[in-house]
Amino acid sequence: MKRGVKMRQQIKSSLFILACLIFGACSSTKNLKPGEILYTGADININPDSTAKIENQKEVKDILLSKTRPNANKSILGVKFKLAMYNLAGEPKKPKGIRHWLRTKVGEPPVLLSEVKIPYNNAVLKSYLLSQGYLQSEVNGDTVVKGKKGKALYTVVTGERYKINSVEFPKDSTGVVAAINQNKDKTLLKVGDNYDLETYKNERIRIDNDLKERGYFYFSPDYLILQVDSTVGKNLVDIRIKVKDIAPDAGLKPYTIEKINIYPNYSLRRDSAIRHSIPEVYKDFNIYDSRHTYKSGLFDRLVFFKKDETYNRRDHNQSLNRMVNIGVFQNVKAEFLPVDSFRNNKLNLNIFLTPLKKNSLSFSLTGTSKSNNFVGSEAKLTQTTRNLFRGGEQLDISVSGGFETQVSGQAKGLNSYSFTTEAKLTFPRFILPFFDFNSTNAFIPKTIASLSYQSLNRGSLYSLNSVKGEFGYIWKENLYKEHTFNPISINYVTSNVTNDTAKRDSLYLANPGLKNNLESQFIIGSNYNFTFTNQMEDFRRNNIYFNGSLETGGNVWGMFAGKNKEGKKTVLGIPINQFIRVETDFRDYYKITKRLIWASRLNLGYGYGYGNNTSIPFVRQFFAGGSNDIRAFAARSLGPGSYKQKDQTISFTDQSGDIKAMVNTELRFKLFSILYGALFADAGNVWLRKEDPERPGSGFNFKDALDEIAVGTGAGLRVDASIFVIRLDVAFPIRKPYLEPGNRWVIDQVDFGSSAWRKENLIYNIGIGYPF
């Protein structure tokens, strides 16, 4: 009884807290002691007595505000949520429990005006302005109190911003000074640019990087001084760059590599024994690997340093990157030690490598929810064997199984099962016949051979069995560009369709063209994929991503294959697919503000079937609709063209085409914490290259294509916790390409108040990750 009363009290307390937060009924100042003033934040007036604005005044103001301390209590939509929780919880009587948790973990104490240190903030703001070239700036702060609330007001007088008048490098023509002068034309300090302390720091780093490439291993940016003379007049400065007189001798001379010692099985426990063992001498390396765990030639591809060559940072970074990315070492450490304690200009290089376990087992479980009312799950088990042939190779063998069931709609209760097994062998090098190719950048090229089997069972309707083998290469040209080329790709597909005549006829009637796609077939060809992205560069206001792919099937085999009675070219009596498929995916991410991003995507695809085929194979065709596509339409339900799938008692939605055009755009904005929102619009469709008589309107022609574009819009919520993103999007169509021409825009029919409209038009998409 007492327990029930206590629970009711807790519920009432929670409802009261919720009401206070929603309606702002809880005063943020009622618990203040006499004389205490709640600090509400800072405001800044820049040059209030001048009508002229400084360059980027709003941005400068925002930066100055961010540097003031302390920060006021956080607020959400004007409500100081954390402070309200602190006040509502009250003083806890015990060091645990919900009251203590609300006050100490969820809530935050009031920030008081007495905590604001005006002189300190004045100095911080002035320091920033000086660093930006406002060398005559002044900052004066004061407080303004109204009732029990107060704020800080800072008046900033910037003066004119100083610019660079001249840049002078040291004139010595020997040693480190000569090395500095060799690339002085690449200086970041340009005459006429604004005085900017950050640029000066970056110039020192540029010079240091340049010297590291020339062997000056012990040089440091701190050994450089940039002397600034602001007495020139006319708001100009002269800059003189020089090496400090106190710079140590070790930092002023280039170093060469003496010995290269490699410890491939290093551990602290065996440190002494490993170091005193007898090494294998291979080219310029001393390899301490008594167990012969690795082939000596492996290190020729991982370590770029050579004996007696000058140290350079490029070789240093590329060697580390390769050793880390090869995937067989747990820890990588490169140690450079001076020979004879700096008495000469030589370095010994020790490379310590701690290997990963040779074998490992991983398990993953994923859940899926699709816009075509399918929900399901997949379990995957992967066995990984590293360094299989002592050359850094990796063998991955995986087995996975999954199921999906349709929880609503006309096909409610239909289940789909899949089973997949795959073996993938990765070599950390190019394997090319009659040619030994060694790449010289920081990224390890990989040769991959894979073999997989997949069985897909579409309930009681049909099943597909696919065996696929590929051999190819993956390599990164640089940080931004990646290539994948599979010169050999073989895919054999067989199927089994239900013997139930009624079900089979209903299936083919709902999905014309599916019958041909369920015939046994060979896909033998090649494919190439190119990716460019600079998304890793967060400092850019605009980031882009581009992916382009080209696939061919049956081109070479078609020249030698025989023909069956129907005149089709075959391999082992099975017709081969002959086609060319091209697809591009371009994405743009524009940061309007720190909290607002405009993301857009253009996706185009074209497939050309020839010889045996009038269309490209079903498994290579394009689809439209779904949670990562045109979100106002169910997955794979759009098209082709203006065709509308017939409503059937038993139906899998599998509409596809040879041609695809799609545009997506959305505004992504931060709401609070890890919760983000989005407003989006999607447009596009798929078409067949040649019209299917059983699907009127499915063919592509330029004259009608624009009029057959589907358009949808909607809004979404995303929980972005960095390591994962959970997404919920709600969308509805505003243009339906399958309606009669002239009636395809349906924006005037939108009626959120109508349950019938909502049932027919609202599409809910749950996804993992962003749609693009």
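Accessible areas here come from the Shrake-Rupley method with a 1.4 Å probe, and for residues only the protein chains shown count as cover. On that basis the chain exposes about 41500 Å², of which carbon and sulfur atoms supply 56%. The structure is a predicted model, in which local features need pLDDT of at least 70, side-chain atom pairs count only at pLDDT 80 or more, and totals for chains, interfaces and linings use all residues. Residues are numbered from 1 along each chain as its sequence is written, and side-chain values use heavy atoms, with hydrogens and water left out.

**The chain as a whole**

- The chain has 15 helices and 30 strands, where helices (H or I, at least four residues) and strands (E, at least two) are DSSP runs numbered from the N terminus.
- Buried residues make up 44% of the 772 residues in the chain; buried means under 20% relative accessible area, exposed means over 50%, and partly exposed lies in between, with a 1.4 Å probe and protein chains only.
- Among contacts (heavy atoms within 4.5 Å) between residues at least 6 apart in sequence, 64% join residues at least 24 apart.

- An open sheet is formed by 5 strands in the order 8-9-7-11-10, with mixed pairing; two strands are taken to pair if DSSP finds at least two bridges between them.
- Strand 8 (280-282) and strand 10 (329-338) stand at the edges with a single partner strand each, so one side of each is left without a neighbour in the sheet.
- From one strand to the next, the twist averages 20°; axes are lines fitted to C-alpha atoms, for helices over the stretch in contact, and angles run from 0 to 180 degrees between N-to-C directions.
- Strand 7 (residues 256-263) runs parallel to strand 9 (residues 285-287) and is joined to it by 3 bridges, with asparagine 261 standing opposite asparagine 286 of strand 9.
- Helix 10 (residues 313-325) lies across strand 10 and strand 11 (346-355), and runs at about 155° to strand 10.

**Nonpolar cores**

- The largest nonpolar core has 25 residues, and those with the most contacts inside it are Ile262, Phe299, Leu302, Val303, Phe305, Phe329 and Phe336; such a core is a set of buried Ala, Val, Leu, Ile, Met, Phe, Trp, Tyr and Cys residues joined through side-chain atoms within 4.5 Å.
- Two or more residues of this core come from each of strand 7, strand 9, helix 9 (297-302), strand 10 and strand 11, and strand 11 gives the most, with 4 residues.

- Helix 5 (residues 118-131) has 14 residues and reaches 20 Å from its first C-alpha to its last, close to the 20 Å expected at 1.5 Å a residue; the expected span is 1.5 Å times one less than the number of residues.
- The buried residues of helix 5 are Ile118, Asn121, Asn122, Leu125, Tyr128, Leu129 and Ser131, and what covers them includes strand 1 (38-46), helix 2 (57-67), strand 2, strand 3 and helix 7 (197-212).
- Just after helix 5, glycine 133 takes a positive phi of about 100°.
- Strand 2 (residues 138-146) and strand 3 (residues 149-157) pair in the antiparallel sense over 9 bridges, and valine 139 has valine 156 of strand 3 as its bridge partner.
- The hairpin of strand 2 and strand 3 has 2 residues between the strands, and glycine 147 takes a positive phi near 65° in it.

**Alanine 599**

- Alanine 599 is found in strand 25 (residues 596-609) and is buried, with a relative accessible area of 0%.
- Not counting residues up to four places away in sequence, alanine 599 touches Asp588, Tyr589, Asn664, Thr665, Glu666, Arg668 and Phe772.
- Alanine 599 and phenylalanine 772 are 173 residues apart in sequence, yet 8.3 Å apart in space from C-alpha to C-alpha.

**Backbone features in loops**

- The peptide bond from arginine 69 to proline 70 is cis, with omega near 0°, and proline 70 lies in the loop between helix 2 and helix 3 (81-89).
- The peptide bond from glycine 639 to proline 640 is cis, with omega near -5°, and proline 640 lies in the loop between strand 25 and strand 26 (659-672).
- Arginine 636 lies in the loop between strand 25 and strand 26, has a positive phi near 60°, and counts as partly exposed at 30% relative accessibility.
- Arginine 390, in the loop between strand 13 (374-386) and strand 14 (394-406), has a positive phi near 65° and counts as partly exposed at 36% relative accessibility.
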